[in-house]
Amino acid sequence: MSLIEIQNLSKYFKVLNRREGLRGAFLDLFSGDYRTVKAVDDISFSIDEGEIVGYIGPNGAGKSTTIKMMTGILQPTSGKIEVNQLEPYSNRIANARRMGVVFGQRTQLWWDLPVIESFKILKEIYEVDNETFKQQMGLFEDLIEIKKLYPVQVRTLSLGQRMLCDIAAAFLHNPKVVFLDEPTIGLDVSVKAKIRDVIRELNHTQNITIILTTHDLGDIEALCQRIIIIDKGKILFDGPVQRVNQLFGVYRTLKAQIFDFNQETLPRLNALIQTKFPDPDAVHINQSEDFWTDLIINQEKAPLREVLNLIMSEFALEDIRIVEISMENVVQRIYDGALL
Amino acid sequence: MKRLRHYFRLYFLIEAQYIKSKMQYRDDFFISSIGMFFSSLTTIAVFWVLLASIPDLAGWSFNQLVFIYAFYMLAISPFQILFDHFWQLRFHVIEGTFIKYYFRPLNMLFYYLSEMFDIKGVVQLVLGIAMFIYASIKLQVSWNLPLLLLLAATLFSASLVTISIMMIAASSAFWIFNSWPVLDLARRLREFSPYPMTIFDGFFKILFTYIIPIGFVAFYPSQFFLGSQSISTAVYLSPLIGIGTFALAYWIWLKGVNSYTGTGS
Ligand SMILES: Nc1ncnc2c1ncn2[C@@H]1O[C@H](COP(=O)(O)OP(=O)(O)OP(=O)(O)O)[C@@H](O)[C@H]1O
Ligand SMILES: [Mg+2]
């Protein structure tokens, strides 16, 4: 029996088309000029107990909206959704008892109280017995050294410390499922690593199902067996992470600052690449932020070293950077048929 | 019943912690308490001087007016003490921080309100009690058990009226982007409630009795205890009116909560 069951689920938002200026603002008061945003558009999937699923996609793809429906905040426009055999929106309280949520950088702890008091209040809210409480807190003490934060007021925690506490809090009552919306956003590598450790450990030992959204492909590689990729409200891919891993793995983005960049530079660069690597999937050229040119390179078809040598033979480079492919580019590759 | 006990325990646990955390900054706590005391006292003093300078306001004596004012102070203190977080509702709604209140297995109104406890209201409550005792001694109100029960019932209902009016005003944030004027208007209207409704003419009397029933916050329920000859029929409704308005207010709050979509991020 699956834990989460979603069928043909959609969520549309009606957004007022705002007009400009003061006069526009006045007209808006009486306006019936709405436009529909299809934040989630006819998606279906099911998730089994104990899975860790990465729910990824570019900005505005519909990830948070889906999570808000699974957690019972938003009523779906149409379609079916069940979590623990319950429809979340109409059974909010029953659903909340068996789930944990962390929403980005917004803490759910009690801002003015010391960390430990938040945990005691949560113990009371979820009616966690002493035994379980001690055991869970012990686990957090081992995994993320939460003990030294106990007396600290939540408002004075650093972002990383607070995130760790929030994540621990989401697991305190031994929920069946935990939703994590961008749990590692804005954190340094060591905190990220700790967060991944807790998540992995709790999933492993307590069989807690985890659904996580992130823009950090490192989170996906470290945690997920399965990923669901969503874009513009529609699911692009749902399957084992290995298949997409190739995409993340094979591609690199070479960022170059070309000396004396002018309007002829890009056509020249394009022509140069064309002669050596005619396959359109080998190297993709994008002009990104000021002064930087991005070359998205498929290393199977165009070895990075060769591309670099080729460019350096013709252009003077001021600076280069090599980075992993971004989420947007992964999605673009999928649209281009990379997974077919 | 078990749920109710659970909620009570939780409320005391959270508030105790909250007060403890405030007490940590001891100087700050004392100074702000004293500040609140004097600021409440000033409000009363202004009212006092105003009343004392009018010998006879629409046939109401000074002490009767003090009684009504004291009743008002008692009736609004539950709102001030327990419902203080309503003032912030519009920020939570606009900034999207409101979504966290959906995540706990708790009644959302309870969870939302439990996050704030206003000590200032306690100071006002104490002052209100003192004034109430003063006025009832001066007026020689002979308290007996039925009258005390009636007092409890009317105060309960009157508190619900204030709570409901402010709750409806605060909930407007779910539909209106800048809802401060609504909340401000409700607060200003509420300030009319310690005045005898008889001083208002037809339109306002109807408004304050039937539409925005602030007459039931102090004036009408006070009639039971002031021994006035002509008790209007509206007065007999006052022990009940609170429950009706609260039901309406809660319904509006639920509508807002259920239609809230949060912000885009
Ligand atoms: N409350 C709302 N009212 C109107 N439109 C909304 C609302 N919430 C989300 N949207 C729109 O729905 C779409 C999906 O938003 P959503 O927050 O689900 O994206 P996301 O995948 O979480 O993006 P991100 O990675 O940036 O967090 C966006 O176009 C957004 O503008
Ligand atoms: Mg999001």
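This briefing walks you through a cavity, a surface patch and some salt bridges in the structure above. The model is predicted, so please read each value as computed from that prediction. Two chains come up along the way: the cavity lining includes residues of chain A and chain B, and the nonpolar patch described here is made of chain B residues.

**The cavity**

- Let's begin inside the protein, where the count comes to 1 cavity of 30 Å³ or more.
- The largest cavity has a volume of about 60 Å³.
- Which residues line the largest cavity? From chain A come Met99(A), Gly100(A), Val101(A), Val102(A), Gln108(A), Tyr126(A), Asp166(A), Ala169(A), Ala170(A) and His173(A), while Phe103(B) and Arg104(B) come from chain B.
- Two elements of chain A, β5 (99-103) and α6 (159-171), each supply at least two residues of this lining.
- The most is given by β5(A), with 4 residues.
- Sorted by class, the lining of the largest cavity has 7 nonpolar, 3 polar and 2 charged residues.

**A closer look at Asp166(A)**

- One of the lining residues is Asp166(A), and you can find this residue in helix α6 of chain A.
- Is Asp166(A) buried or exposed? Its relative accessible area is 5%, so Asp166(A) is buried, as the cut-off for buried is under 20%.

**A nonpolar patch on the surface**

- Moving to the surface, Phe30(B), Ile34(B), Phe37(B), Phe38(B) and Leu41(B) form a nonpolar patch.
- Together these residues have about 470 Å² of accessible area.
- Phe38(B), one of the patch residues, lies in helix α2 (residues 26-53) of chain B.
- With a relative accessibility of 47%, Phe38(B) counts as partly exposed, because that class lies between the 20% and 50% cut-offs.

**Salt bridges around Asp216(A)**

- How many salt bridges does the structure hold over all chains? There are 23.
- In one of them, the side chains of Lys192(A) and Asp216(A) meet, at 2.7 Å from N to O.
- This pair links distant parts of the chain, 24 residues apart: Lys192(A) is in helix α7 (residues 189-206) of chain A, and Asp216(A) is in the loop between β7 (209-213) and α8 (217-223) of chain A.
- Lys192(A) counts as buried, at 17% relative accessibility.
- Asp216(A) also forms a salt bridge with Arg196(A), where the closest N and O atoms are 3.3 Å apart.
- Arg196(A) lies in helix α7 of chain A and Asp216(A) in the loop between β7 and α8, so this pair ties together parts that are 20 residues apart in sequence.
- Both Asp216(A) and Arg196(A) are buried.

**A salt bridge between two loops**

- Another salt bridge joins the side chains of Lys301(A) and Asp279(A), at 3.5 Å from N to O.
- Here the partners are 22 residues apart: Lys301(A) sits in the loop between β12 (292-298) and α11 (304-314) of chain A, and Asp279(A) in the loop between α10 (265-276) and β11 (283-287) of chain A.
- Lys301(A) is partly exposed, with a relative accessible area of 38%, and Asp279(A) is partly exposed as well, at 33%.

- Finally, salt bridges that share partners join Lys192(A), Arg196(A), Asp216(A) and Asp219(A) into one network.

How values were computed:
Residues are numbered from 1 along each chain as its sequence is written. Chains are lettered from A and ligands numbered from 1 in the order in which they are written. This is a predicted model: local features need pLDDT of at least 70, side-chain atom pairs count only at pLDDT 80 or more; totals for chains, interfaces and linings use all residues. Side-chain values use heavy atoms; hydrogens and water are left out. On a 1 Å grid over the protein atoms alone, a cavity is a set of points where a 1.4 Å probe fits but cannot get out, and a pocket is an open set with protein on both sides within 12 Å along at least five of seven lines; lining residues have an atom within 4 Å of a point. Grid points are joined across faces, edges and corners, and a volume is the space filled by probe spheres set on the points. Ala, Val, Leu, Ile, Met, Phe, Trp, Tyr, Cys and Pro count as nonpolar, Asp, Glu, Lys and Arg as charged, and the others, Gly among them, as polar. Patches are made of residues with over 30% relative accessible area and no salt bridge: like charges are joined within 9 Å, nonpolar side chains (Val, Leu, Ile, Met, Phe, Trp, Tyr) within 5 Å. Accessible areas come from the Shrake-Rupley method with a 1.4 Å probe; for residues, only the protein chains shown count as cover. A salt bridge is a side-chain nitrogen of Lys or Arg within 4 Å of a carboxyl oxygen of Asp or Glu. Buried means under 20% relative accessible area, exposed over 50%, partly exposed in between (1.4 Å probe, protein chains only).
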